[in-house]
Amino acid sequence: MNNTVSTFGKAKIEGRKLSMITSYDYSTTKLIDDTEINGILVGDSLGMVCLGYENTLSVTMEDMIHHTKAVTRGAKNTLVVADMPFMSYQVCVQDAVKNAGRLIKEGGAQVVKLEGGAAVCEQIRAIVNASIPVMAHIGLTPQSVNAFGGFKVQGKTEEAAKKLIEDAKKVEEAGAFAVVLECVPAKLAEIITKSINIPTIGIGCGTGCDGQILVYQDMLGMFSDFKPKFVKHYANVGEMMKVAFNEYAKEVQEGIFPSKEHTFKINEEVISKLY
Ligand code: KIV
């Protein structure tokens, strides 16, 4: 394991940027694990990009464990962070510790992530006390989509900006080893990053964070329901897949596929005895 929670802390001290990407399955994880990416998040975004839900609220502990297991089988060098789904930690501290433990013990993750600032510090403290590292997540926390009235940029007023700075300090104080900042104006994200000693991992927060994270289907052009402003397409894999699928369908129609090289042989003598 080349990347651990210590790698993340050291990167902040040494001024090296961290990169993270989501993954939900074994094959994609193996590809990511062969690169310079530091961390994989088994995000509850799987509800949207893998399961086709409108938001992340329906994702269950069983969904998360199922996908985390697949990811951890493929990750040898990359730090694996598993998301705690909606209602797996909000109700009480006991639930939070028990469910965090399941993601580590059954899923094989090294770290859990949960959404919220001051409101979830008790949970963060208890999970960390159980020797499970926690990545916090503040700003646009998708599990609060109904409370926010949609997926909106956070921290734009003085009061909201001060609250986010306070939340970042509080999750650090509670023991989180890193914090995701989502959809926070770039200048505010920079201020938050400078005001805490744990790394900030940004998504839709500009370059002032200590690291970045993207959903892999977004960055590869594989998710077409909507494209957030902060997403950059690094490749158009979605289009490449469609071209390949069509080519395959055409070759099947025309009897070109499978060709000899993709076909198994049998001794002619055996065949002659079948008639
Ligand atoms: O679930 C997820 O993919 C996330 C990232 C967007 C940070 O929480």
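Tutor: The C-alpha centres of domain 1 and domain 2 lie 43 Å apart. This is a predicted model, where local features need pLDDT of at least 70, side-chain atom pairs count only at pLDDT 80 or more, and totals for chains, interfaces and linings use all residues. Residues are numbered from 1 along each chain as its sequence is written, and side-chain values use heavy atoms, with hydrogens and water left out.

Student: Which residues belong to domain 1 and domain 2?

Tutor: Domain 1 covers 5–236 and domain 2 covers 240–272; such bounds come from an automatic or database domain assignment.

Student: Now the ligand. Which residues are around the ligand?
Tutor: They are Thr22, Leu41, Gly43, Asp44, Ser45, Asp83, Lys113, His137, Val180, Glu182, Ile203 and Val215 (each has a heavy atom within 4 Å of the ligand).

Student: Which side chains have a polar atom by an oxygen atom of the ligand?
Tutor: Among them is Ser45, at 2.5 Å. Asp44 has a polar side-chain atom 3.0 Å from a ligand oxygen, and for Asp83 the distance is 3.1 Å. Each is a polar contact, a pair of N or O atoms within 3.5 Å.

Student: How much of the ligand's accessible area does the protein cover?
Tutor: The protein covers 95% of the 260 Å² that the ligand has on its own (by the Shrake-Rupley method with a 1.4 Å probe).

Student: Changing topic: is the peptide bond from Phe257 to Pro258 cis or trans?
Tutor: That bond is cis, with omega near 0 degrees. Most peptide bonds are trans.

Student: And where is Pro258?
Tutor: Pro258 is in the loop between α11 (237–254) and α12 (268–272); helices are DSSP runs (H or I, at least four residues), numbered from the N terminus.

Technical notes:
Polar contact = N/O pair within 3.5 Å; in protein donor to acceptor, adjacent residues only side chain to side chain. Helix = DSSP H or I, 4+ residues; strand = E, 2+ residues; numbered from the N terminus.
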